Amino acid sequence: MVNSPKFSWRFLLPQYWLLWLGVAVMYLVSWLPYRVLMWLGSQLGKLLFKLMKSRQKVARRNLQLCFPEKSDKERETLLWQNAEESGKAMFETVIAWWWPNWRVRRLAHFKGYEHLQQAIAEGKGVLLLAAHFLHLEAAGRVFGLTHPSIGFYRPNNNPLLDYLQYHGRSRSNKYMIGKRDVKGLIQALNEQEVCFYLPDQDYGRNRAEFVPFFAVSETATTTGTLLFAKAANCVVIPIYSSRLPDYQGYQVEILPPLTEFPSGDDKADVTRVNQWVEQAVLKHPEQYMWLHRRFKTRPDPEAPSLY
């Protein structure tokens, strides 16, 4: 478990004043109506994409690699839709961290909660497989209103931002576990906790298999999912979230547990995980985090970068 960051009087020193100013502005903005926040986010996202050429390049390349069957025009349309969604995510962070529960509940929609209840009734921990959707902060807050959970966490290098981030993410959830604390997550699962795990980024070649992800035949995919499923008394349950149209908020859908998982065939199992991520992404590809260099680790370390 990560020690909960405490408020320090040094946060009032001049070196933090600019950050405090930004926090104050965002807090005031957070009280605007939801539809206004989403409109502001879409405009900000398009502006930032134009300015952040390197991130724009990564997202465009990811779309080329994953969707070679699409035309250049189709991928470019998707890219700028993703830019808008990325901007919305900035305002969804303040929604997740600072909105009172009564405002969040207005945006909360659930499906499949019975699958989670069944696992808990059977005395199992639950390893929730989630994907890196841009609205993840908001979806985590929404999920915590129904069942407070535990998540992996990487402390921020800025101590004030780390304090705000930790307590914001714990607003309707229990606590955080350091991203390298494997034993801590296994212990939480054995204590019948519900723990989020996101297996869809490139974490390097350590504890990874190279299996297909969309049109890239050899994608470094973590076997961490299998490690936790083998070591803990838990079930593995995929969870899918989406930002709903017409400013309705967020839907969190809990799917049935994976059966015969892990099977003993690591490549087959992580391929299965990637296939689930693909299915989730294809529902709303514009809402996925295409900014991450998902294919940076290649089977041959000497091979040229795909980026």
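The residues lining the largest cavity divide into 6 nonpolar, 4 polar and 2 charged. Here Ala, Val, Leu, Ile, Met, Phe, Trp, Tyr, Cys and Pro count as nonpolar, Asp, Glu, Lys and Arg as charged, and the others, Gly among them, as polar. This is a predicted model, in which local features need pLDDT of at least 70, side-chain atom pairs count only at pLDDT 80 or more, and totals for chains, interfaces and linings use all residues. Residues are numbered from 1 along each chain as its sequence is written, and side-chain values use heavy atoms, with hydrogens and water left out.

Stay with that cavity. Its volume is about 70 Å³. The lining is made by Asn62, Cys66, His132, Asp200, Gln201, Phe213, Tyr288, Met289, Trp290, His292, Arg294 and Phe295. A cavity is a set of points, on a 1 Å grid over the protein atoms alone, where a 1.4 Å probe fits but cannot get out; lining residues have an atom within 4 Å of a point. Grid points are joined across faces, edges and corners, and a volume is the space filled by probe spheres set on the points.

How many cavities of 30 Å³ or more does the structure hold? There are 2. Helices α4 (72-98) and α7 (136-146) each supply at least two lining residues. α7 gives the most, with 3 residues. Helices (H or I, at least four residues) and strands (E, at least two) are DSSP runs, numbered from the N terminus.

Now turn to a pocket. A pocket is an open set of grid points with protein on both sides within 12 Å along at least five of seven lines. The second largest pocket has a volume of about 300 Å³. It is lined by 16 residues, and the closest to its centre are Glu85, Lys88, Arg243, Leu244 and Pro245. Two or more lining residues come from each of α2 (34-51), α4 and β8 (234-244). The lining has 6 nonpolar, 4 polar and 6 charged residues.

Next, the helix packing. Two packed helices are described by the angle between their axes and the distance between the axes. Axes are lines fitted to C-alpha atoms, for helices over the stretch in contact, and angles run from 0 to 180 degrees between N-to-C directions. Angles under 35 degrees count as roughly parallel, over 145 as roughly antiparallel, 65 to 115 as roughly perpendicular and the rest as oblique.

Start with α2 and α3. Their axes come within 5 Å and cross at roughly 100°. The two helices are therefore roughly perpendicular to each other. Phe49, Lys50 and Leu51 of α2 meet Lys53, Gln56 and Ala59 of α3. Contact means heavy atoms within 4.5 Å. This contact has 3 nonpolar, 1 polar and 2 charged residues.

Follow the chain to the next pair. Helix α3 (residues 53-66) packs against α4 at an angle of about 135°, with the axes 10 Å apart. That angle makes α3 oblique to α4. Their crossing is right-handed. A crossing is left-handed if the near helix is turned anticlockwise from the far one by less than a right angle, and right-handed if clockwise. From α3 come Gln56, Ala59, Arg60, Leu63 and Gln64, which meet Arg75, Glu76, Leu78, Leu79 and Trp80 in α4. By class, 5 residues of this contact are nonpolar, 2 polar and 3 charged.

One more pair remains. Helices α9 (residues 182-190) and α10 (residues 224-231) have axes that come within 10 Å and cross at roughly 45°. So α9 is oblique to α10. α9 passes α10 in a right-handed crossing. The contact joins Val182, Leu185, Ile186, Leu189 and Asn190 of α9 with Leu227, Phe228 and Ala231 of α10. It has 7 nonpolar, 1 polar and no charged residues.

Finish with the backbone. Most residues other than glycine have a negative phi, and most peptide bonds are trans. Arg207 is not a glycine, yet has a positive phi of about 55°. Arg207 sits in the loop between β5 (194-197) and β6 (208-213). Which form does the peptide bond from Phe261 to Pro262 take, cis or trans? This bond is cis, with omega near -5°. Pro262 lies in the loop between β9 (249-254) and α11 (266-283).
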